[in-house]
Each structure stands twice: as structure tokens, then as C-alpha cells.
Amino acid sequence: MDYHALAEKLIDLQYGLHQVPANRQLSILDKGIFFALNYLMAQHKAVHPKELSKEMAVSSARIAALLNHLEEEGLVRRTADPEDKRQIRISLTEEGAQLIHDKRAEVVDILAHTLSQLGPEDANTYIRIQTKIIENFLREG
């Protein structure tokens, strides 16, 4: 099997996927404000800014600016780390939790519609393959 040819095809398909409304909505959760809120929601606890910086692969200066904006909007709160008062932790406010909950629900509806167009077998196969790609990557990492 020519995996390089398949990789070339995948690159071409990625462009097409960016045109699909469901993928556009999904990519919103991978960037900026919604990534940060989604990450904080998934952690179920307050996190250090450096954790968010690492997950987003951006500088601490960029995270500081993002957190300033999110705090001004009332979406996150900064609190002193109870174990090290020199450190801060970030957590969602009720407004932040509601915003990311609403955005995720919107994206889920769009993705569910797209998956339903594939039919049950292809939808499950698509999810199975995506899961396998992630598992293989994590195993190699």
C-alpha cells in the first residue's frame, strides 16, 4: 500500500473538510476562547495558567492576555493556589460554564446531523478510526 499517496489524498481531503459546516463549528472549539473554556470545563478543577499554555501550545504572554480578556468578560476567575500562594489557578465562572455548555450543545447538534447523514455503520466507523488515530498517537508520544 502506498501510504504517501494516501497521505497526499488526506491533505486534499482536509481542505474539503474545512468547507463542511460541522468541521468549521468543531474547529471553533480548538481555538482561543472556546478552547480555553472547553479545557477548563473538561478538567473539573482549577488549573495553573502554564497548563493551559502547554495545552494550547502558546506562550505564557498570550495566555495572560487571553485570561485577562476572559476575566474581564466574567468567564473565568483567578484565585490563589492554596498550596502555593505565589501561584494562581484559573477556573470557570457560572457564566463561563454556561457559555461553553451552550456552544458545545450547538456543535453537538451540527455534528449529530452530519453523522446521521453518514448512516449508523459509517458514523461508527468514522468515530472508531478517529479514536484509533488518537490512541496510536498517544501510545507513540
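Predicted model: local features only at pLDDT ≥ 70, side-chain atom pairs only at ≥ 80, totals over all residues.
1. Ground rules. Local features need pLDDT of at least 70 and side-chain atom pairs count only at pLDDT 80 or more, while totals for chains, interfaces and linings use all residues. Residues are numbered from 1 along each chain as its sequence is written, and side-chain values use heavy atoms, with hydrogens and water left out.

2. Length of H5. Helices here are DSSP runs of H or I with at least four residues, strands are E runs of at least two, and both are numbered from the N terminus.

3. Ile63, Leu66, Leu67 and Leu70 are buried in H5 (under 20% relative accessible area; exposed is over 50%, partly exposed in between, with a 1.4 Å probe and protein chains only). They lie on the same side of H5 because they cover an arc of only 100° around the axis, taken from the directions from the helix axis to the C-beta atoms. Exposed Ala61 and Glu72 sit on the face turned away from the buried side.

4. Cover over H5. Helices H3 (32-43) and H4 (49-56) and strands E1 (76-81) and E2 (84-92) are among the elements covering its buried residues.

5. Helix H3. Its buried residues are Phe34, Phe35, Ala36, Leu37, Asn38, Tyr39 and Leu40. Their cover includes H2 (21-28), H4, H5, E1, E2 and H6 (94-118).

Key. Contact = heavy atoms within 4.5 Å.
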